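Trainee: Could you take me through this structure one feature at a time, giving me the general idea before the particular case?

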Amino acid sequence: MAEETIWVVWRQDDNGNRYEVARHASREAADAQAAELESRGHKQVYWVAKQ
């Protein structure tokens, strides 16, 4: 049985602290959430990584 790929949205704040924001079953969903969060214009940086 193959393992399910999980895509994690991460956030790094302006102090360099990194936090897991959410987990998604698809890369598209994770990318969409990261883009939406990034569009808010705060100092945080968001990215997606495979778990």
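Trainee: Let us begin with charged side chains: which residue does R40 meet in a salt bridge?

Mentor: In this predicted model, the side chain of R40 meets that of E36, with 3.3 Å from N to O. R40 counts as exposed because its relative accessibility is 51%, and the cut-off for that word is over 50%; E36, at 38%, counts as partly exposed.

Trainee: How many salt bridges does the structure hold?

Mentor: There are four, and one of them joins D31 to R27, whose closest N and O atoms are 3.1 Å apart. Both of these residues belong to helix 1, which covers residues 27-38, and they are four residues apart, about one turn of the helix. D31 counts as partly exposed at 33% relative accessibility, and R27 counts as partly exposed at 34%.

Trainee: Which residue forms a salt bridge with E20?

Mentor: That partner is R23, and the closest N and O atoms of the pair lie 2.6 Å apart. E20 has 37% relative accessibility and counts as partly exposed, as does R23 with 46%.

Trainee: Now the strands: how should I read the order of the sheet?

Mentor: The general idea is that strands of a sheet pair through backbone hydrogen bonds, either parallel or antiparallel. Here three strands make an open sheet in the order 2-1-3, and the pairing is antiparallel. Strand 2 (18-24) and strand 3 stand at the edges with a single partner strand each, so one side of each has no neighbour in the sheet. From one strand to the next, the twist averages 25°.

Trainee: How many bridges join strand 1 to strand 2?

Mentor: Six bridges join these two antiparallel strands, and within strand 2 the bridge partner of V9 is A22.

Trainee: Which residues form the largest nonpolar core?

Mentor: In soluble globular proteins, nonpolar side chains tend to be buried together. In this case the largest nonpolar core consists of seven residues, namely W7, V9, A30, A34, L37, Y46 and V48. Strand 1 (7-12), helix 1 and strand 3 (45-50) are the elements that give two or more residues to this core, and helix 1 gives the most, with three.

Trainee: Which residues is A34 in contact with, leaving aside its neighbours within four places in sequence?

Mentor: With those neighbours left aside, A34 is in contact with V9, Y46 and V48.

Key:
Residues are numbered from 1 along each chain as its sequence is written. This is a predicted model: local features need pLDDT of at least 70, side-chain atom pairs count only at pLDDT 80 or more; totals for chains, interfaces and linings use all residues. Side-chain values use heavy atoms; hydrogens and water are left out. Buried means under 20% relative accessible area, exposed over 50%, partly exposed in between (1.4 Å probe, protein chains only). A nonpolar core is a set of buried Ala, Val, Leu, Ile, Met, Phe, Trp, Tyr and Cys residues joined through side-chain atoms within 4.5 Å. Contact means heavy atoms within 4.5 Å. Two strands pair if DSSP finds at least two bridges between them. Axes are lines fitted to C-alpha atoms, for helices over the stretch in contact, and angles run from 0 to 180 degrees between N-to-C directions.
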